[in-house]
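Hi there,

Here is the structure I promised to pass on to you. Please open it first, and then read my notes alongside it.

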Amino acid sequence: MRRRLLALACVSASLLSGCGLMTQEDGGERRAVTLWLMKGSASDDFLKRFTEDFERTHPDLDLDVRIQEWTGIGDKVQAALKADGTDGPDVIEVGNTQVPQYAEGGRLQDLTLESMRDWGMEDWLPALAEPGKWMSQQYGIPWYAANRVVIYRKDLFERAGVDEPPRTREEWLTVTEKLDSDGTQGIYLAGQDWYTLSGFIWEEGGELAVEEGGTWRGTLDSEAALRGMDFYRELQALGDGPVDADEEHPPQAGVFAKGSVAQIVAVPGLAQTILKENPGLQGKLGFFPVPGKTAGRPGAVFTGGSDLVVPKNTDEHDGALAVVEALAGTEWNTELARTMNYVPNKESLADAVAGEEGVAAMAAGAARGRATPGTPRWGAVEADNPIKEYMTKVLTGSDAESEARRTSDRITELLDLDAR
């Protein structure tokens, strides 16, 4: 409890008037709860309003918000989890797919009971909730989500005689082929956009990898996964995206902004970057969920976002739970979604962002969102990323089945827990 009795750094919004030992009006000492949030996840105004409300409704607690950079955060979190807890975080925002690597060493609080009893886990978005589990226990509490949609040019659709966005994958191919004429790319889809490919694989019922008897193995060579790759190949061919690069090389926002692309697959927030590069597109951009195999049901998509975790070494357990409950609860979770154009952590809260076209499209897709395989070793797969090479080889004419088998074997090697 040492650090709870010391003067606090002037980071918390409640301490802007000066540093020192905090006391309640009745003379009792107030305890500080340290919250690590990632840069850009919440605006300064949101954090100010949340902190004021939290401290008002929890008069025995002060909230100390410390903003972290994504670069190098993995090592920093691991160090904090291994420390003695006297000057570390009590609540940490982590990427939704990062939870297993932090939970594996037994250094996170098991929040299964609170999730079931108090926090409505049955309504959480699966793509946030599932990666937050480790060994069937809930360690990560969903905070917010973001996923890809289709950003399109309304004027180019109209010029091609397309009255409304496609509702199925077959319609999507037909519409995109129609758009791919007169100097316009029907779609700009880079050859190594493996997150988009993942969604197509999941839509077919396939997986990137599966666990059997405690051992993970790659499964890109399954019939379902191969169908997903085949759809990617058909769609990618209806544009001039590079087959040997991902969506950031070159940045697809810049390519779209040049004016000859009808569609891209991206998070809605990328529209702001597009408009900065080409203000002339103001009012011409639209959004729709990535189509699925059947009308009325969006396609599966990779859903990123953040979960909240509580280190096991916290010396402010009750205060940490109070922060998680407030941030992930209905009031402040919907407020965060409105403020930052995120998808709320529960499907039932989607109406909170229904007024924004891009976010509404994203929320519709998030209902079928998925995350990468829930193993601490998945980071090794992304670092090596044989999936990108596999995609390029298929798009340049190599046999998909043999390349998928080779890539699956490589994924299996990288997921071998004994290889660490």
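Buried here means under 20% relative accessible area, exposed means over 50%, and partly exposed is in between, with a 1.4 Å probe and protein chains only.

A word on the source: this is a predicted model, where local features need pLDDT of at least 70, side-chain atom pairs count only at pLDDT 80 or more, and totals for chains, interfaces and linings use all residues. Residues are numbered from 1 along each chain as its sequence is written, and side-chain values use heavy atoms, with hydrogens and water left out.

After α8 comes G205, with a positive phi near 95°. Helices (H or I, at least four residues) and strands (E, at least two) are DSSP runs, numbered from the N terminus.

Next, the aromatic rings. How many aromatic pairs does the structure hold? There are 15 aromatic pairs. Rings of Phe, Tyr and Trp (its six-membered ring) pair if their centres lie within 6.5 Å; planes under 30 degrees apart count as stacked, over 60 as edge-to-face and the rest as tilted.

One of the pairs is Y144 with Y342, stacked at 3.9 Å centre to centre with 10° between the planes. This pair links distant parts of the chain, 198 residues apart: Y144 is in strand β6 (residues 141-147), and Y342 is in the loop between α13 (330-340) and α14 (357-366). Y144 and Y342 are both buried. W172 and F200 also form a pair, edge-to-face, with 6.2 Å centre to centre and 80° between the planes. F46, F50, F54 and W332 make up one aromatic cluster.

R169 lies over the face of F231, 4.0 Å from the ring centre, and the charged end of K76 sits over the ring of W36, 5.4 Å from its centre. The test is that NZ of Lys or CZ of Arg is within 6 Å of the ring centre and within 35 degrees of the ring normal.

Finally, the overall picture. The protein has 17 helices and 13 strands. Its C-alpha trace spans about 75 × 50 × 35 Å along the principal axes, and buried residues make up 55% of the 420 residues.

Enjoy exploring!
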